[in-house]
Amino acid sequence: MTIDDAFTCKEVVELVTDYLENALLPGSRKQLEGHVANCPGCTNYIQQVRLTVAMLHQLAQEPVFPETKQELLEAFRNWKQGSSPQKADTQFS
Ligand SMILES: [Zn+2]
């Protein structure tokens, strides 16, 4: 095992989110896992980040989408009312 093959702790910290999102190239992923396997500090760090990311994903899922959808619906409604005569709305069904 040469120095070139191993990641430093700093590199692990920088790449941990990519690693957890499966965004790393297979080669980089192997190097990162090789370092983590021999580094208790990075093992702990990755576990903490993994938990944090999972929590953020859960929190983000609920509020973001309904709000965005509502905004889109309202924008569409305003656009429709603005661009067509008011009577057309009541006849449309
Ligand atoms: Zn390390």
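A residue is called buried if 20 or more other C-beta atoms lie within 10 Å of its own, exposed if 12 or fewer, and partly exposed in between; the C-beta atoms are placed from the backbone. This is a predicted model, where local features need pLDDT of at least 70, side-chain atom pairs count only at pLDDT 80 or more, and totals for chains, interfaces and linings use all residues. Residues are numbered from 1 along each chain as its sequence is written.

Q: Why does Tyr45 count as partly exposed?
A: Tyr45 has 16 C-beta neighbours inside 10 Å.

Q: Where is Tyr45 placed, and what does Tyr45 touch?
A: Tyr45 sits in helix α3 (residues 40-83). Leaving out residues up to four places away in sequence, Tyr45 touches Val13 and Val16. Two residues are in contact if their C-beta atoms, placed from the backbone, lie within 7 Å. Tyr45 and Cys9 are 36 residues apart in sequence, and their C-alpha atoms are 9.9 Å apart in space.

Q: What makes Arg50 partly exposed?
A: Arg50 has 14 other C-beta atoms within 10 Å, so Arg50 is partly exposed. Arg50 is also in helix α3. From Arg50 to Tyr19, 31 residues apart along the chain, the C-alpha separation is 9.8 Å.

Q: Why is Thr8 called exposed?
A: Thr8 has 12 other C-beta atoms within 10 Å, so Thr8 is exposed. Thr8 lies in the segment before α1.

Q: What makes Asn22 exposed?
A: Asn22 has 7 C-beta neighbours inside 10 Å, so Asn22 counts as exposed. Asn22 is in the loop between α1 and α2. Its phi is near 60°, a positive value in a residue other than glycine. Most residues other than glycine have a negative phi.

Q: How many helices and strands does the protein have?
A: There are four helices and zero strands. Helices (H or I, at least four residues) and strands (E, at least two) are DSSP runs, numbered from the N terminus. Along the sequence the pattern reads α-α-α-α.

Q: Which residues form the largest nonpolar core?
A: The core has six residues: Phe7, Val12, Val16, Leu32, Val36 and Cys42. A nonpolar core is a set of buried Ala, Val, Leu, Ile, Met, Phe, Trp, Tyr and Cys residues joined through C-beta atoms within 7 Å. Buried residues make up 6% of the 93 residues in the protein.

Q: What makes α1 oblique to α2?
A: The two helices pack at an angle of about 120°, with their axes 11 Å apart. That angle makes α1 oblique to α2. Angles under 35 degrees count as roughly parallel, over 145 as roughly antiparallel, 65 to 115 as roughly perpendicular and the rest as oblique. Where the helices meet, Val12, Leu15 and Tyr19 in α1 face Ser28, Arg29, Leu32, His35 and Val36 in α2.

Q: Which element has the lowest mean pLDDT, and which the highest?
A: Helix α4 (residues 86-91) has the lowest, 57, and helix α2 (residues 26-37) the highest, 93. Here pLDDT is the predictor's confidence in each residue, from 0 to 100. The mean for the protein is 79, and 73% of its residues reach 70 or more. Where pLDDT is low, the predicted coordinates should not be read in detail.

Methods. Axes fitted to C-alpha atoms, helices over the stretch in contact; angles between N-to-C directions.
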